[in-house]
Every structure is written in C-alpha cells, then in structure tokens.
Amino acid sequence: MAAAAAGLSWRRVSSFTGPVPRSRHGHRAVAIRELLIIFGGGNEGIADELHVYNTVTNQWFLPAVRGDIPPGCAAHGFVCDGTRILVFGGMVEYGRYSNDLYELQASRWLWKKVKPQAPSNGSPPCPRLGHSFSLYGNKCYLFGGLANESEDSNNNVPRYLNDFYELELQHGSGVVGWSIPVTKGILPSPRESHTAIVYCRKDVGSPKMYIFGGMCGCRLNDLWELDIETMTWSRPETKGTVPLPRSLHTANVIGNKMYVFGGWVPQSAGGEISAPDGEWKCTGSFSYLNLDTTEWIGLISDCQEDKSNLLPGPRAGHCAVAVGTRLYIWSGRDGYRKAWNNQVCCKDLWYLDTERPLAPSQVQLIRATTNSFQLKWDEVPTVEGYLLQLHADPPVPPVAGNPGTGIPETSVLSSQGGCSLHQSPQSLPSVPYPEVKVDHPSQTNNLIPNNVQVALSSSSKVEGKEKVAAPESKVTQETMKNHADATGFKESNAPSLLPVCTSSAQTSANVGELHDLDKQSVNPDASVSCTVSSTQNMVTQQAVKTESSSTNGAVVKDETSLTTFNSKSEAAETAYVVPSTRLSTGQTNDSHSSRAPQRPPAPVKTKDRRWYDVGIFKNNTAVVSQFYLLPEETLNINSKTEGADVPDYRLLKKQDLFPGTVYRFRVAAINGCGVGPFSKISEFKTCIPGFPGAPSTVKITKSVDCIHLSWEPPASPSGNILEYSAYLAIRSTQLQENPSQLVFMRIYCGLKTSCIVTAAQLSNAHVDYTSRPAIVFRISAKNERGYGPATQVRWLQGKVTVTHS
C-alpha cells in the first residue's frame with residue numbers, strides 16, 4: 001500500500017541546534033516525555049556518549065553525566081522506567097560482549113553499576129548482544145541474543161540464544177535480582193536482532209509480550225506471544241500479509257498497534273528467502289500489527305523506493321521511539337558498499353504522526369480588552385499548530401447603565417477579618433475560574449516544555465520562609481457564597497496552564513541538564529490568576545509569578561467594567577497567525593513541514609451559529625482582535641468535502657471584535673494526520689471601560705502564626721481606588737455538593753495594600769485540588785464605579801507526585 005494511500009505523512013526534521021551526534025547503527029533510544037535519550041551504537045568505533053534530543057525545542061544536548069559511567073556498547077538492552085534507564089549487555093568491542101547492568105537516573109544524569117542477585121535455579125545471563133530487553137511493571141524480560149563461544153574475542157564463534165530471564169526491579173532505584181521463569185509451551189527458536197514489545201489489551205487486561213523476526217543464520221518473520229501472567233508461549237494466528245523476514249528492525253507500540261520499520265530483508269521476495277548466503281538489503285518498509293485482532297497491515301512496501309525524500313530511506317540498526325502518538329526514527333545504516341568495503345550510516349531524523357491529536361483543554365482567558373482577548377489552552381504533545389475558532393452573539397454596542405458590583409459594596413464582618421464595617425453575609429457571583437499555574441515559567445511560547453519538572457517540592461519557600469499547609473481544624477466564620485451565574489457560564493475543569501506573562505528566567509532542560517526530573521527546580525509558592533467577580537457575563541484571567549515585579553492581565557466585569565495592564569512581554573506573547581494555506585512555524589530552526597495540514601470541516605448542527613476561523617497558531621496562546629469571514633458560498637460548513645484544505649486567509653475579509661460582546665471559542669490541535677477534535681466551548685466577553693483593574697504582584701510571606709498577603713495597586717485604576725477586599729476560599733457543605741463552586745469569606749477590607757491572614761482563618765481554608773493542592777485567595781479593588789475583577793492567588797501546598805504515561 002502506498003504511503004499516500006495509507007494517509008502517512010512522514011516529516012523530516014530539517015535543522016537542529018546543539019551538538020548533533022555522529023551517525024551510527026546498533027544504538028538504542030528511549031523517551032522520557034518530550035526528550036529522546038540515545039546511547040551507544042557503532043560507526044568508526046563504539047560510541048560511549050549519552051545524547052539527548054528535545055523534540056519540542058528541536059535541540060540536541062550532551063548532559064553532564066557522572067557516577068559509574070558505562071563503556072560504550074552496541075546492540076544492548078535499553079529500557080526506561082519512569083526517569084531511570086537500565087542498560088544491559090551489548091558489544092563493548094569487536095568479539096567481546098557484556099553482561100553488565102547499569103542504571104541511569106536521568107533526573108540527575110547519574111550512572112550506577114548495579115549487581116543483581118543470581119537466579120536461584122541457574123546461572124545469570126551470559127554476555128551477549130542483539131537480545132531483547134522489555135519492561136512491564138517492575139520487571140524486565142530478557143530474551144535471546146548472540147553469544148561468543150570462544151574465549152578469544154578475536155575468534156568469534158557465534159551462538160544464538162533463546163534463554164529467557166526475568167529481572168525484578170526495586171522501586172525508584174536498584175534491582176533485586178535475576179530469575180529464570182518456568183514457562184509453558186514451546187520457546188521461540190534462538191535468535192538475535194529481533195524485537196520484543198509488551199502490550200496489555202484494555203478489555204482483557206492480560207499483558208502479552210510479542211517477539212518478531214530476528215536472525216539465526218537466516219532471517220525470520222515469525223511472531224511469538226508470551227502470556228506474562230501464565231508464562232505460556234504460543235504462536236498466534238495472524239491475518240493480512242506478514243512482513244518479509246528481517247533483522248535489525250524496530251518495533252514500537254502506539255495505541256493497539258505494533259509498528260515495524262526497516263531492517264535487513266531478502267533482496268528478492270521470489271527467491272529462497274531462508275538461504276543463509278542469500279542476497280539481503282536494507283529496507284524502508286513499514287507495517288503494523290493490530291494487537292487486538294493480530295492483523296498485519298502494510299503501509300510502505302519493501303519494493304517501494306521513494307526518490308522524493310518524502311519517506312525515510314531504507315535502513316537497519318536504527319532506533320525508533322514513540323513520543324505520545326508520534327514515532328521518531330533516527331540514523332541506522334543504509335546498506336553495505338562492497339566497492340568501498342564499508343557501511344554507510346544515515347544522518348537523518350524523521351517523525352510520523354500515527355493518529356489525529358487529542359482535543360486541547362478549554363480555551364482560557366489571560367487578558368481581555370474592549371476589542372481583544374489574550375487566550376491560552378494547555379499544550380497538546382507533538383502537534384504542529386492549533387486551529388482557533390469563534391462564534392459571536394450579534395455584535396452590540398456597549399450598554400451604559402448601573403455598574404455591576406462583582407464584590408458587594410458592603411463588607412462581611414468576621415471575627416478575624418479586620419474590617420470595621422457591619423453587614424450581613426453576601427454572595428460572590430459565580431464565574432469560570434480557570435487556573436494558570438506558574439510553577440513552570442517560560443520565557444517564550446512553547447520554548448521550554450511545561451513538563452520537564454514533574455513535582456513540587458514540599459520544602460518550597462515563600463519569601464524565604466517555609467510554606468504552611470491549611471490546618472484541619474474548623475473555625476466558625478461568616479461566609480460569602482457563590483451563587484449561580486444566570487448567563488450560563490460553566491466552571492472550567494481544564495488542567496492548569498503554563499503562563500506566558502512571567503518575567504523570571506528559567507534554564508531549559510535542553511542546555512545540558514534535566515533539572516532533576518524528580519524535583520521541582522523552580523518553586524514559586526503561589527500561582528496567581530486574575531479572575532472576574534461579576535453577576536453577569538464576564539471572565540478573565542491573569543498569570544503572575546509571585547516573585548515578579550510586573551504583572552500582566554486584563555479584566556472584564558459585568559456590562560460595565562474594563563481595564564488592561566500593559567504587558568512587558570507583548571512580543572513574546574503574541575501568537576503567530578498563519579496568513580496562508582501553508583502552516584508556518586514562525587521559527588527559523590523549526591523542524592516541521594510547511595505543508596498545509598489537511599483538516600476535515602467541523603461538524604456543525606444547523607441550529608448552531610456559524611464558527612469562524614481566528615487562524616492557525618504555532619503555540620498555545622493567541623491574541624485575538626479579529627476573525628475571518630468566509631465567503632457566502634462556503635458558509636455552509638456541512639457542504640465542504642472531508643479533508644478540505646485550510647482556507648487561504650489572505651483572501652478572506654476580517655472582522656474586528658466589538659466591545660461588550662460575548663464570544664465563544666473552541667480550539668483543535670493539528671498534526672501530520674490532520675485536525676483533531678475541538679475542545680469544549682468557552683465563553684468570554686469583551687470589556688467596557690471604567691472599572692479598576694485587578695491588583696498585581698501578589699506576595700505571600702509566612703510568619704510564625706500567620707501569613708502576610710500583599711499586592712500592588714492595579715496598573716489601570718481608572719480613577720481613585722477607594723478600597724480593597726481580600727477573600728479566602730473556605731470549606732463548606734455547599735462546596736461538598738458542588739466542588740466546582742468555591743465559597744469565599746472576606747478576610748480584609750480597607751485602603752492598605754496588604755493584610756494579615758491569621759492561623760485561625762487558615763484553619764478554615766479549603767484546599768483546592770483542581771490542579772495542584774492550593775489555598776485560594778482573591779483580591780479586588782474598588783473605584784468610584786465599583787469593584788473590578790479579582791486577582792486569584794493559588795498558594796501551592798505540599799508535594800504532588802505526577803505519574804508518567
């Protein structure tokens with residue numbers, strides 16, 4: 001089957017930065033989130049460096065490794081367990097193989113030689129190369145390989161192996177020991193340079209290991225299955241066309257498919273393919289085995305030679321790594337040149353998206369003005385861009401009227417609140433409060449991935465002092481409760497986001513250090529987002545790093561309130577809108593193809609309003625002030641053909657946003673397979689001037705028996721500030737009934753830009769778990785027209801462990 005017919009869209013990474021490793025074969029690679037980690041291999045000597053490629057920033061780097069650094073090796077076992085990597089065996093020099101076991105803690109780039117216990121029922125694995133080494137749970141499974149029967153490394157006497165070992169791992173670091181499982185059924189025949197993967201069906205739940213192909217004097221294309229629970233070997237029946245016999249190929253599991261690429265295959269399929277002295281060649285063939293139905297599907301045939309550089313060339317001994325649903329292939333040898341008496345290694349890096357991307361999180365608002373929004377959504381891994389769409393209520397001019405008060409004019413008097421006014425409990429209006437997390441600040445859009453650090457240290461400090469977690473005891477206090485928003489706004493359950501408006505620097509992991517993947521390297525103790533307090537249509541959000549002196553954000557309030565903060569990083573925050581059908585990257589060193597992604601039209605019901613493209617954005621932020629109007633003949637989206645091209649935006653008219661208007665937004669991610677599903681819909685409203693902005697630069701300092709909350713006045717007060725109000729989210733029975741609706745108590749009202757939060761007040765605090773555990777504060781300013789939006793502060797609590805897919 002031709003690649004185009006199969007819908008494949010291979011992309012060659014065209015440029016790199018950093019120290020690019022020399023081409024090679026027999027190397028191995030694994031992925032830790034967005035990082036490809038490559039070790040070993042041979043080409044003019046065996047390589048002993050550890051190379052890392054950041055798939056997000058398109059950069060290579062050489063980490064500063066330390067500890068028991070292993071010698072270079074090739075055709076070794078290489079598996080990844082969380083943030084540690086295990087290396088077993090391989091060829092360390094010609095004719096001399098290893099059975100040493102090394103562990104790399106990638107969070108610290110620390111090597112350690114480990115010595116497993118020998119099996120109780122036999123000898124430990126002998127030195128070997130070309131074996132398979134597969135991880136499932138806390139065990140590695142070693143099968144086969146090639147040993148040298150001769151004690152003299154210069155006298156290579158090959159012995160093909162089919163022994164089977166189990167290596168039990170300790171949690172976090174270290175190993176327990178080898179064992180030789182008692183298996184049922186017939187063992188696979190001896191072989192080396194085969195592949196082995198482990199797959200567990202969702203409906204059945206029994207993990208299976210699949211071994212395919214390899215070399216035992218002749219090349220093989222048999223498939224073997226091991227039921228890991230019962231330790232039973234079998235030969236599953238398959239449907240479809242089995243790939244040609246091969247060795248030195250790769251096999252990777254993505255979803256329910258085992259993708260097999262490349263290797264050595266017979267020169268002629270019509271000849272005797274099992275002959276040991278037959279003619280063999282490298283191949284660029286590509287197939288997958290559906291592991292649920294055991295059906296082989298050919299994607300690129302063995303005889304399909306591609307001269308246009310649209311497909312990876314033939315190769316063997318390469319490495320292939322899955323990052324999410326994207327498959328990366330790097331280097332390998334492309335054959336043997338008899339005239340030159342040497343082998344030639346490829347120098348190229350390719351990737352293939354195997355599925356359409358997942359839907360992004362709901363669009364979230366960072367800042368709004370009278371005629372623009374700054375929006376953000378969670379990054380989707382391994383995508384090339386995002387399609388942002390909106391539809392609007394009929395544009396209406398701003399309506400003058402009584403200003404809505406997002407926070408009541410009168411204060412709540414609490415026994416610890418420090419407020420001198422007397423009144424009854426009031427309700428805080430309900431609005432969406434999507435959070436922006438600031439524990440992974442980034443200097444530029446999409447440059448530093450937001451998942452390099454994986455956990456927040458429990459010893460984080462605020463203003464040089466230790467954090468305090470919310471005490472468990474309760475104190476009876478007057479409360480301010482949220483009430484339902486009549487405009488139909490929904491609480492956002494979207495995950496936390498990486499802010500774009502922080503000004504603090506952070507070192508990227510791609511400059512030679514992973515920043516300790518087990519700990520948080522940048523630990524601001526409060527993440528801050530500007531939210532809106534309103535009884536009507538309004539929402540806003542602001543990202544602030546508590547140590548930062550500049551805070552950017554915008555606010556929307558009811559029918560009456562607007563203010564905008566000037567951003568010091570406006571250029572870095574502006575998303576790149578593609579002006580044509582070609583998906584431009586906006587980066588000179590970007591690896592992605594400029595071919596326009598094919599996208600099917602979004603299904604739109606006739607009763608829905610029309611969706612309009614805002615544009616295609618490279619990163620997960622967008623500054624929206626206009627959208628594109630489609631010509632009348634293309635307005636009926638349902639009439640567009642499946643896979644229609646992205647329109648040429650240069651040919652379309654633009655429409656500016658109107659003040660005081662509700663706009664709905666949705667976003668979809670784009671990769672080589674096309675446009676994925678759209679996110680849930682978010683509603684935001686453009687602003688009307690006159691109300692104060694949100695307070696900025698919030699700081700939290702812990703004292704012995706209280707915390708000190710301080711802030712700076714709004715950058716745009718729109719008049720004289722008459723007072724501030726600070727609120728604390730507290731526990732309540734209402735919150736138990738509706739966890740998405742926070743209940744707030746006013747803890748301060750006055751002209752000062754700071755207040756004390758006592759231990760008694762904190763004892764009643766609600767710990768919000770929508771992203772990371774945090775105590776939530778809101779601070780709002782009031783001018784002559786009323787209260788503006790609140791700055792919401794999430795004061796992070798304790799340590800959170802992040803699981804890895």
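How many bridges join strand β12 (residues 139-148) to strand β13 (residues 158-169)? In this predicted model, in which local features need pLDDT of at least 70, side-chain atom pairs count only at pLDDT 80 or more, and totals for chains, interfaces and linings use all residues, the two strands run antiparallel and are joined by nine bridges. Residues are numbered from 1 along each chain as its sequence is written, and side-chain values use heavy atoms, with hydrogens and water left out.

The chain has three helices and 55 strands; helices (H or I, at least four residues) and strands (E, at least two) are DSSP runs, numbered from the N terminus. Of its 805 residues, 59% are buried, where buried means under 20% relative accessible area, exposed over 50%, and partly exposed in between (1.4 Å probe, protein chains only). Among the contacts with a separation of 6 or more, 69% are between residues 24 or more positions apart, a contact being heavy atoms within 4.5 Å.

Confidence was examined next. The pLDDT, which is the predictor's confidence in each residue on a scale from 0 to 100, averages 73 over the chain, and 66% of the residues score at least 70. Over residues 395-608 the pLDDT is below 50, although this stretch has 686 contacts in the model beyond near neighbours in sequence. Residues 633-644 also have pLDDT under 50, and the model gives them 19 contacts beyond four places in sequence. Where pLDDT is low, the predicted coordinates should not be read in detail.

Strands of a sheet pair through backbone hydrogen bonds, either parallel or antiparallel. Two strands are taken as paired if DSSP finds at least two bridges between them. Five residues lie between the strands of the β13 and β14 hairpin, in which Gly172 takes a positive phi near 85°.

The loop between β14 and β15 holds Arg191. This residue counts as buried, at 0% relative accessibility. The side chain of Arg191 makes a polar contact of 2.7 Å with that of Ser189, and another polar contact of 2.7 Å joins the side chains of Arg191 and Asp222. A polar contact is a pair of N or O atoms within 3.5 Å; within protein, one must be able to donate a hydrogen and the other to accept it, and residues adjacent in sequence count only if both atoms are side-chain atoms. Beyond four places in sequence, the residues touched by Arg191 include Phe143, Tyr160, Leu161, Ile211, Met215, Cys216, Leu220 and Trp224.

Strand β15 belongs to an open sheet of four strands in the order β15-β16-β17-β18, with antiparallel pairing. Its edge strands, β15 (195-200) and β18 (232-234), each pair on one side only. Neighbouring strands of this sheet are turned by 25° against each other on average, direction ignored; axes are lines fitted to C-alpha atoms, for helices over the stretch in contact, and angles run from 0 to 180 degrees between N-to-C directions. Six bridges connect β15 with strand β16 (residues 207-215) in an antiparallel arrangement, and Thr195 has Phe212 as its bridge partner in β16.

Another open sheet of four strands has the order β1-β29-β26-β25, again with antiparallel pairing. Strands β1 (10-12) and β25 (319-323) form its edges, each pairing on one side only. From one strand to the next, the twist averages 25°. Strand β26 (residues 326-330) pairs with strand β29 (residues 349-353) over five bridges, in the antiparallel sense. Leu352 in β29 is the bridge partner of Leu327.

Trp109, in the loop between β9 (96-105) and β10 (110-114), has a positive phi of about 50° although it is not a glycine. Trp109 is buried, with a relative accessible area of 1%. Thr382 lies in the loop between β31 (373-376) and β32 (385-392) and has a positive phi of about 50°. With a relative accessible area of 15%, Thr382 is buried.
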